[in-house]
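Please look over the sequence and the model shown here. The report that follows goes through selected residues, salt bridges, nonpolar clusters and the overall shape.

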Amino acid sequence: AVIEGTDDVVFTKDNVGRYQLVIQAACRAFGLEAAQIIGRTDVELADPTQVVSWQQNDAKVMQQGRVLHFQEQLQQADGSCRLYSVSKGPLFDHRRQLSGIFGIARDVTEMVGQKRLLQRVLEGSEQGFWEWDIQLQRMQVSERFETMLGFVPGEMQIQPEHWPELLHPADYPQVMQSIQQHLAGEKPMHEAEFRARCKDGSWRWILSRGKIVTTSPDGKPRLLAGTHTDIQQRRQNEEALRLAEMMFDGSYDGIMLVDADNQIMRVNPAFCRITGYSAAEVQGKSPAILSSGLHEKTYYQQMWLQLQQHGFWRGEIINKRKDGVVYTEMLSISVVRGAQGQIRQYIGIFSDISHLKAHAAELDKVANFDALTGLPNRRLLLTRFNQTLIRALQMGQRCAACLIDIDGFKQINDTYGH
């Protein structure tokens, strides 16, 4: 009664393939009464073209003496064809002699149809589909998975024994660990990112997701199914972002990112070191927080005009640190525009050149002023005289020079040096 209550087809056959037992589900599948099936063979009951594969499968079970799994088709009385997932195993008599086979078949026509529909949907979304029969150690993949790796459909060696060659050596262990954890019930699903070998020998990043979809009668996992997604571009983008982040944080120059409304979005550690402000103190504020007030408005107006016209400005600017100390920086500002040409952000990169300016001023003092008295020397006199003379000539004017002699200055030079 328990067996009769199932929708699965259950049957037994003797050594020559005659049916010995069938339940009502089997009768419905054949469209016959039990009495019309018992004692007859598949050749007498079904389409001979289908029966050939049935008989071959029966022979495999009897030769190997173990349970095997197959997919078999049965044509209905109305001409339609149903697909069954069939498990067949050997039967032995009381002397342990092979006496026939038993079979349990489940109608998977709708499930396979839905799977094919799902596969078409996945392929339309540029994802590959895979299915792994654990008991048979048989792997099937969609054409999309093969083409994303540069193979012609059907060309790849995808069976489990080839996985160590297909997966990158550094990724293979974690992929297998993810699968085993899911099979053991430790994870709700298998999910792993790995590099797969392309036909040309290069590596491509793939995201694999899947879970158990079918179990055997004893509850053991039988079939895993899932998707393969090409994530090469995503991984490249992530790597580019990682490198950009390293450059942003590691740069010795200060960097600030300003939005289109002229509010600071982000600054790097060098910005904080140079200005004395923390990132939290300047976020959402205008860069004018750094203004020293030493530049005319026209200076900034010219800067913004060049940014609008050329998308770039570079120059020296005097700013003020948090502690009030002014400093000179060399600042470069670039405009970041969107796809429609609208301004999205400004990127400012600057370095503190106060020490360079101080060094230049010191060199200028040494070159143009007397070290002893601090008065302008002959070099500065000649420079200024030449400048005045050129200006006078350009303006059509005259200029005069006045020489003042200081008595006794020779004694000072002789005593303290020139």
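Glu316 is partly exposed, because its relative accessible area is 34% and the partly exposed class lies between buried, under 20%, and exposed, over 50% (1.4 Å probe, protein chains only). The residue is found in strand E13; strands (E, at least two residues) and helices (H or I, at least four) are DSSP runs numbered from the N terminus. This is a predicted model, in which local features need pLDDT of at least 70 and side-chain atom pairs count only at pLDDT 80 or more, whereas totals for chains, interfaces and linings use all residues. Residues are numbered from 1 along each chain as its sequence is written, and side-chain values use heavy atoms, with hydrogens and water left out.

Leaving aside neighbours within four places in sequence, Glu316 is in contact (heavy atoms within 4.5 Å) with His295, Tyr299, Thr328, Glu329, Met330, Ile353 and Lys357. Met303 is 13 residues from Glu316 in sequence, and the two C-alpha atoms are 11 Å apart in space.

With Lys357, Glu316 forms a salt bridge in which the closest N and O atoms are 3.1 Å apart; the term stands for a side-chain nitrogen of Lys or Arg within 4 Å of a carboxyl oxygen of Asp or Glu. Since Lys357 lies in helix H13 (residues 354-368) and Glu316 in strand E13 (residues 312-320), the pair ties together parts that are 41 residues apart in sequence. Lys357 counts as partly exposed, at 39% relative accessibility.

## Other salt bridges

By the rule given above, the count comes to 20 salt bridges. In one of them the side chains of Asp171 and Arg195 meet at 2.8 Å, N to O, and this pair links distant parts of the chain, with Asp171 in the loop between H7 and H8 and Arg195 in strand E8, 24 residues apart. Asp171 counts as buried at 5% relative accessibility, whereas Arg195 is partly exposed, with a relative accessible area of 22%.

Strand E8 also holds Glu191, which is joined to Arg209 in strand E9 (residues 203-215), 18 residues apart, so that this pair too links distant parts of the chain. The side chains of Glu191 and Arg209 meet in a salt bridge at 3.4 Å, N to O; Glu191 is partly exposed, with a relative accessible area of 38%, and Arg209 is partly exposed as well, at 35%. Elsewhere, Lys13, Asp42, Asp58, Glu72 and Lys88 are linked in a network of salt bridges.

## His168 in the H7-H8 loop

His168 lies in the loop between H7 and H8. The residue is buried, with a relative accessible area of 18%, and, not counting residues up to four places away in sequence, His168 touches Arg195 and Trp203.

## Nonpolar cores and a surface patch

A nonpolar core is taken here as a set of buried Ala, Val, Leu, Ile, Met, Phe, Trp, Tyr and Cys residues joined through side-chain atoms within 4.5 Å. Of the 22 residues in the largest such core, Trp132, Phe145, Leu149, Met156, Ile179 and Ile206 touch the most other members. The elements that give two or more residues to this core are strand E6 (127-133), helix H6 (143-148), helix H7 (163-166), helix H8 (172-183) and strand E8 (190-197). Ile179 touches Trp132, Trp163, His190 and Leu224, not counting residues up to four places away in sequence. A second, separate core of 20 residues includes Val9, Cys27, Ile37 and Trp54.

On the surface, Phe385, Leu389 and Leu393 form a nonpolar patch with about 290 Å² of accessible area together. Such a patch joins nonpolar side chains (Val, Leu, Ile, Met, Phe, Trp, Tyr) within 5 Å, or like charges within 9 Å, among residues with over 30% relative accessible area and no salt bridge; accessible areas come from the Shrake-Rupley method with a 1.4 Å probe, and for residues only the protein chains shown count as cover. Leu389 lies in helix H14 (residues 378-395) and counts as partly exposed at 34% relative accessibility.

## Overall shape

There are 15 helices and 15 strands in the protein. The radius of gyration is 43 Å, well over the 22 Å that the globule rule gives for 418 residues, so the protein is more spread out than a compact globule; the radius is taken over C-alpha atoms, and the rule is 2.2 Å times the number of residues to the power 0.38. Along its principal axes the C-alpha trace spans about 145 × 45 × 40 Å.

Of the 418 residues, 34% count as buried. The accessible surface of the protein comes to about 26,100 Å², of which 54% belongs to carbon and sulfur atoms.
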